[in-house]
Amino acid sequence: MNGLETRRVSTRILLWIVLIAIVVLYGFPFIYMLLTSLKTPVETIAVPAQVFPSLWTLENYVSALTRDGVLSSFINSVVTAVLSTLISLVLAVPAAYAITRYRTRLGRVFILVALVTRMVPAIVVGAPMIGIFHSLGISDTSLALAIADTTISLPLSIWLMASFFEAVPDELEEAAKIDGASRLGALWRVVIPVTSGGIAVTAIFAFLASWNDFLFALLLTAVRAQTTPIVIANLQTQFGLDWGTMTALAVLYSIPVILLTFVLQRHIVAGLTLGAVKG
Amino acid sequence: MMLPAALFLAIFVGWPLVQFVSNSFFDISPIAGGPRTFIGFDNYVAAFQSADFWSAAWHTVVYTVIVVTLEFVIGLAVALLFSALGDSSRFLRTIFLYPLMIAPIVAGLLWKFLLIDNFGIVNELLKRVGILQSTDQIQWLSDPNIALFSVALPDIWLTTSFITLVLFAGLQNVPGDILEAARIDGARYPTLIFRIVIPLLRPVIAVALIVRGIDAARVFDVILIQTNGGPQGSTETMSLLIYRTLVRFGEPGLASAMGTIYLIVMMAVAIFAVFAIWRPGSDAR
């Protein structure tokens, strides 16, 4: 029971009505997109607009999935996001561990610098990256895009992992060391298993940053490594206003993250609130 | 063990940043391998003299203020509702989480579809409840007077949840006995909120607003996809102007100067915000 919780029944009923109204309003855009994707292409732009389809059909999904480049863009999105998540974790876990365990001035400076990079607009680093990836010989590859996406997620990953490591008592590692484990051994066998929930949270946010990225994909991919957000955006210019296909593709692209949210909701809430609330 | 991450950030953030800033002192041909001439601060002079630059700066400020204000008001209201209803609101909290996961590009297109004249559902529903006479009465995205507000809607839709969640978590940590004591002293609900809860939550509120403010000031995807800066440039923010100057007009030097100014201002505002609202170390954290 929280101090702010109200106990009067009449107030509670009123607040429930208000809250449900807000949530329905809030959920409506997505529900409407789902309903639109199940209409016939003609009905999507019919005047006056109707909320529910008069004829339920998967026509838009068929045309979305059979369009050139759509399937390969899905594969690219998955490959890029997974790669970026891995790079982010491999770099963030040791860095965050060192920052929390050695507690040097350098570590504090590092975490501040990492946070400052969050303020840099993607367009500023994105443009010179084109040249850098070209000279590395990885232009228009999922690896290049994954690296670019990692610049977004890495500072947050370090920040999150540092908070999780902070919560692990030193005694746990001391005990492991007395049992003869090296510092790295203790990290690998004791600290990482204890913080696996935190690693999951960090992985989700790294994955989402890459999955939902648009600007880097726009600047750094041409054809081979193109991800689905680019394909979705292109639908509007190439084919005028193909809203049916667009909504179907958007729903398909949102399904993996919606499932992810459903399965891992508790972790996501923890991750979102952790950094901010702890200050 | 910090070295790999530090190297990564140095190579893929630091080095591009150095290149970007140094580009701002050159006149660069847009053709790859074309000539570069050092021109000192000429690009900066050109940026400050450009009307587009000032209007984009203004749009960025207005957009950020609209987004952060609305998100904060709605976010706090919903967080208080969740708190008032306690644990039984858990299911609705989960639903509230979903927009956060959706790609900004999808949200932008979706809202464009919702707000479009004639066959957009928003105007249709407004007409059905009698607020509008016809479905093209409000031209959300093609009326330059309101377009900057309309393009902000998907951003607000996507991330109000973030503010709500953060504030809700903060509200859980407000000690119940303080509230109880205030109630016994006869404090009414608004007094409780404005005099006790909000001041106690200040560090949490500061972090949430700073994070959202920085993101809103960098807005790109949702505007590009909805209006591409139009109509009549009324929704062109700094990120869009830099992109347009760079890619369409092929003026990397000028774009870099604009971006550098933008970056410096952002950092200054963020640092000011951190010290002014958050006051790290001075409050109970």
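One definition before we start: a helix here is a DSSP run of H or I with at least four residues, and the helices are numbered from the N terminus. With that in hand, take Val51(A). Val51(A) sits in the loop between α2 (41-44) and α3 (59-66) of chain A. Keep in mind that this is a predicted model.

Is Val51(A) buried or exposed? Exposed, because Val51(A) has 12 C-beta neighbours inside 10 Å, and the cut-off for exposed is 12 or fewer. What does Val51(A) touch, once residues up to four places away in sequence are set aside? Tyr32(A), Leu35(A) and Ile121(B). Now look across to Gln226(A). From Val51(A) to Gln226(A) is 175 residues in sequence, and 33 Å in space from C-alpha to C-alpha.

Let's step back to chain A as a whole. Chain A has 13 helices and 0 strands. Its C-alpha trace spans about 75 × 65 × 30 Å along the principal axes. Of the 279 residues in chain A, 44% are buried. Now the contacts in chain A with a separation of 6 or more. Residues 24 or more positions apart make up 76% of those.

Domains next. Chain A splits into domain 1 (9-61) and domain 2 (68-238). Taken over C-alpha atoms, the centres of domain 1 and domain 2 of chain A are 35 Å apart.

On to the contact between the chains. How many residues does each chain put in? Chain A gives 75 residues and chain B gives 76. On the chain B side, helix α1 (residues 3-23) of chain B gives the most, with 11 residues. By type, the chain B side has 57 nonpolar residues, 14 polar and 5 charged.

Now the core. The largest nonpolar core holds 154 residues. Which residues have the most contacts inside it? Ala96(A), Ile232(A), Ala250(A), Val106(B) and Leu167(B). Helix α7 (residues 142-166) of chain A supplies the largest share of this core, 14 residues. Domain 1 (9-61) and domain 2 (68-238) of chain A each put in at least three residues.

Stay with Val106(B) for a moment. Leave out neighbours within four places in sequence, and Val106(B) is in contact with Ile232(A), Ala250(A), Tyr253(A) and Ser254(A). Two of those names, Ile232(A) and Ala250(A), were on the core list as well.

Next stop, Ile163(B). Ile163(B) lies in helix α8 (residues 152-172) of chain B. Ile163(B) counts as buried because it has 27 C-beta neighbours inside 10 Å, where the cut-off for buried is 20 or more. Beyond its neighbours within four places in sequence, Ile163(B) is in contact with Glu71(B), Phe72(B), Gly75(B), Ala208(B) and Arg212(B). Val211(B) is 48 residues from Ile163(B) in sequence, yet the C-alpha atoms are 9.7 Å apart.

Asn228(B) is not a glycine, but its phi is positive, near 55°. Gln232(B) is not a glycine either, and its phi is positive too, about 50°. How exposed are they? Asn228(B) is partly exposed because 13 other C-beta atoms lie within 10 Å. Gln232(B) counts as exposed because it has 10 C-beta neighbours inside 10 Å.

Then comes helix α13 (residues 238-248) of chain B. Why call it largely enclosed by the rest of the structure? Because 8 of its 11 residues are buried. Among the buried ones are Met238(B), Leu241(B), Tyr243(B) and Leu246(B). After α13(B) comes Gly250(B), with a positive phi near 60°.

Last topic, confidence. The model scores ipTM 0.85 and pTM 0.88. Chain B has a mean pLDDT of 85, and 95% of its residues reach 70 or more. Where in chain B is confidence lowest, and where highest? Lowest in helix α9 (residues 176-184) of chain B, at a mean of 80, and highest in helix α3 (residues 51-85) of chain B, at 92. One stretch to flag: residues 281-285 of chain B have pLDDT below 50. Beyond near neighbours in sequence, that stretch has 4 contacts in the model.

That's the tour. Over to you.

Technical notes
Residues are numbered from 1 along each chain as its sequence is written. Chains are lettered from A and ligands numbered from 1 in the order in which they are written. This is a predicted model: local features need pLDDT of at least 70, side-chain atom pairs count only at pLDDT 80 or more; totals for chains, interfaces and linings use all residues. Helices (H or I, at least four residues) and strands (E, at least two) are DSSP runs, numbered from the N terminus. Two residues are in contact if their C-beta atoms, placed from the backbone, lie within 7 Å. Ala, Val, Leu, Ile, Met, Phe, Trp, Tyr, Cys and Pro count as nonpolar, Asp, Glu, Lys and Arg as charged, and the others, Gly among them, as polar. pLDDT is the predictor's confidence in each residue, from 0 to 100. Domain bounds come from an automatic or database domain assignment. A nonpolar core is a set of buried Ala, Val, Leu, Ile, Met, Phe, Trp, Tyr and Cys residues joined through C-beta atoms within 7 Å.
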